[in-house]
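Please view the structure below, then follow the topics in order.

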Amino acid sequence: MAEVARSELILGGQRSGKSRRAETLAQGWLMQSPQHRAVLIATAQPWDEEMRARILRHQQDRAERVPGMATVEEPLQLAQAIRQHSRSDTLIVVDCLTLWLTNWLMPAESSESNQAPAQYPQAQAAMLLEAIEACPGPLVLVGNEIGLGVIPMGRETRDFVDALGRLNQAVAQACARVTFMAAGLPLTLKGQP
């Protein structure tokens, strides 16, 4: 079982094992002491029926794998949620940074209008970095690495890939460990495995 770092960013593609690794770290943390707690801060929003089903499936799977982990849903105010639930005896899992950024840059309610995508949430990102630094207990952040493929068509998509790349770089700098997941296997990019 992997040792828990003070803070860890777990990156990878879709179905790479990112969330499973975060859950494994939470499970190990809970097993270390009866005083330990684990909280998942979920950033997903149920935009449509498929997303509602996906969220429900994740909730059910997580309840089986890590029954002692509480869930808090917070799609936008991530830094505040981390501060609110952070304690030295509590491991926090944020799943995921990519959806959090999507919620800021491409809010579902604006998709029905002709509004331009929102600007990069500079102030929110700065508050997130401060919350990572100030977190007294272990913090595990999950996010997607989407910049490994071809350059996407469309300005909005390229802007999002750029924004996520900037966010991932900043969070990686702030975290003690960075892990890249591929095919369920962790590759430590920063810190001790």
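The model is predicted: local features need pLDDT of at least 70, side-chain atom pairs count only at pLDDT 80 or more, and totals for chains, interfaces and linings use all residues. Residues are numbered from 1 along each chain as its sequence is written, and side-chain values use heavy atoms, with hydrogens and water left out. Six bridges join strand 1 (residues 7-12) to strand 5 (residues 139-144), and the two strands run parallel. Helices (H or I, at least four residues) and strands (E, at least two) are DSSP runs, numbered from the N terminus.

- Seven strands make up an open sheet with mixed pairing, in the order 3-2-4-5-1-6-7; two strands pair if DSSP finds at least two bridges between them.
- Strand 3 (69-73) and strand 7 (185-190) stand at the edges, and each has a single partner strand, so one side of each lacks a neighbour in the sheet.
- On average, neighbouring strands of this sheet are turned by 20 degrees against each other, direction ignored. Axes here are lines fitted to C-alpha atoms, for helices over the stretch in contact, and angles run from 0 to 180 degrees between N-to-C directions.
- Four bridges connect strand 4 (residues 90-95) with strand 5 in the parallel sense, and Asp95 stands opposite Val142 in strand 5.
- Strand 6 (residues 177-182) and strand 7 run antiparallel and are joined by five bridges; Val178 stands opposite Lys190 in strand 7.

- Buried means under 20% relative accessible area, exposed means over 50%, and partly exposed lies in between (1.4 Å probe, protein chains only).
- Leu139, Leu141 and Gly143 point one way from strand 5, while Val140, Val142 and Asn144 point the other way.
- Helix 6 (residues 155-174) lies across strand 1, strand 5, strand 6 and strand 7, and runs at about 145 degrees to strand 1.

**A buried helix residue**

- Ala125 belongs to helix 5 (residues 122-134) and is buried, with a relative accessible area of 8%.
- Apart from its neighbours within four places in sequence, Ala125 is in contact (heavy atoms within 4.5 Å) with Trp100, Tyr120 and Leu167.
- Ala125 and Ala79 are 46 residues apart in sequence, with a C-alpha to C-alpha distance of 8.4 Å.

**Backbone features**

- Most residues other than glycine have a negative phi, and most peptide bonds are trans.
- Arg15, although not a glycine, has a positive phi of about 60 degrees. Arg15 is in the loop between strand 1 and helix 1 (18-32) and is exposed, with a relative accessible area of 60%.
- Ala183 has a positive phi near 55 degrees. Ala183 is found in the loop between strand 6 and strand 7 and counts as exposed at 76% relative accessibility.
- The peptide bond from Asp95 to Cys96 is cis, with omega near 5 degrees; Cys96 is in the loop between strand 4 and helix 4 (97-105).

**Pocket and cavity**

- On a 1 Å grid over the protein atoms alone, a cavity is a set of points where a 1.4 Å probe fits but cannot get out; a pocket is an open set with protein on both sides within 12 Å along at least five of seven lines, and lining residues have an atom within 4 Å of a point.
- Grid points are joined across faces, edges and corners, and a volume is the space filled by probe spheres set on the points.
- The largest pocket holds about 830 Å³ of space. Of the 30 residues that line the largest pocket, the closest to its centre are Arg15, Ser19, Arg54, His58 and Asp95.
- Helix 2 (49-65) gives the largest share of the lining of the largest pocket, nine residues.
- One cavity of 30 Å³ or more is counted, and the largest cavity has a volume of about 40 Å³.
- Among the residues that line the largest cavity are Ser19, Leu40 and Asp95, and helix 1 provides the largest share of this lining, three residues.
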